[in-house]
Amino acid sequence: MPFAHTAPGTAATLLSFGSDWLYVLLTGGALLGIGALLALRGTSSAARHPLRAYMQGAAAVLGLPRWSAGPILVLIAGCVYAVGGFFWDVGWHIAVGRDEFLFSPPHLCLLIGIGLLGLAGLAATVAATRDRAGAGWGIGRVRVPYGAGALLATGVVAGVGFGVDELWHWAYGLDVSMWSPPHLSMISAAAFSPMAGWLLLAEAGPGAGRKVPRYLLVSLFTGATLVGLSAWQLEFDMGVPQWRQAFHPLLVGVAGAFALCAARAALGPGGAMLGMARFVLIRVGLALLTTQVWHLPEPRFVPYLAAALAVEAAFALTRRAAPPRAAVVAGVGVA
């Protein structure tokens, strides 16, 4: 891992990152390849325009409406880039130091991920308007699914945060906290994007979608929601907290209660345990990527086992009560 600020010029700086660019390019190539295959599937069935063909192909594979299927896959691609870039960037700064080059490989992953999240919201809005979908808000002739509105807000807030971060460094120098205001705006926006994807899936209807793809998407979103809401803990996970240790259990409690209650409500009995297991699976994968591929500090994590058990117990004890009451009892149990 080179120090980005050691190279004398822009071209030399780009070259100084060496093989790190392969992680960005190979990921992009794989995602574009999947998109091309979906577009070919769509071309054979209906559309000729590449973007319409992609949306049609995604709809055919997932069994969801075009305005839901295509954007969900774009959102997943954005999350792959954003979460990978996030873990890479934080670990980079801990192990290597602060870089002065805006478009480093980790930063570029973050920027691509943020852009894809906003693009997913735009694509869902355009497709829902074209298909005259009944989901979401109606603004004149424009239809904005609720999940699409959340993704558009995510893209705007995170994109503005990325620009403000550069101005922040210019005005105040290199900050050393993940919790600076521009960093938090980017992290917070991306952290809520799995919930927006889950909402897009729900808006398609409870019975929409092929059985296996829908199950896989729900499985992904339950784990990804907890991963996203745990993002603010990453400095604690990597052993370099910049703030009071008392904040850590508060962050764990809020993330666990919210995400695991949602998993239990969506999946039924055992849902919180399944959500916790999927979170662990994703975080183990990210830990292996961070330590074995990038050779950066290990991002440990709280497994949320006690929180999942508390949520399951609360829902079992209040099975005849309204969901809000069950959620309150579960929140107390997690706390």
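The model is predicted, so local features need pLDDT of at least 70 and side-chain atom pairs count only at pLDDT 80 or more, while totals for chains, interfaces and linings use all residues. Residues are numbered from 1 along each chain as its sequence is written, and side-chain values use heavy atoms, with hydrogens and water left out.

**Overall build**

- The protein chain has 14 helices and 2 strands, these being DSSP runs numbered from the N terminus (helices: H or I, at least four residues; strands: E, at least two).
- Along its principal axes, the C-alpha trace spans about 60 × 55 × 35 Å.
- Of the contacts (heavy atoms within 4.5 Å) with a separation of 6 or more, 66% are between residues 24 or more positions apart.

**Burial and surface**

- Buried residues make up 50% of the 335 residues, where buried means under 20% relative accessible area, exposed over 50% and partly exposed in between (1.4 Å probe, protein chains only).
- The protein chain exposes about 15,900 Å², of which carbon and sulfur atoms supply 70%; accessible areas come from the Shrake-Rupley method with a 1.4 Å probe.

**Aromatic pairs**

- There are 11 aromatic pairs, counted for rings of Phe, Tyr and Trp (its six-membered ring) with centres within 6.5 Å; planes under 30 degrees apart count as stacked, over 60 as edge-to-face and the rest as tilted.
- The rings of Trp88 and Trp294 are stacked, because their centres are 4.6 Å apart and their planes stand at 5 degrees.
- This pair links distant parts of the chain, 206 residues apart, with Trp88 in helix α4 (residues 66-95) and Trp294 in the loop between α12 (271-293) and α13 (305-317).
- Both partners count as buried, Trp88 at 0% relative accessibility and Trp294 at 6%.
- Ring pairs also link Trp179, Phe236, Trp243 and Phe247 into a cluster.

**Surroundings of Val334**

- Val334 counts as buried at 17% relative accessibility.
- Leaving aside residues up to four places away in sequence, Val334 touches Gly253, Ala257, Ala307, Ala310 and Val311.
- The C-alpha atoms of Val334 and Ala310 are separated by 5.7 Å, although the two residues are 24 residues apart along the chain.
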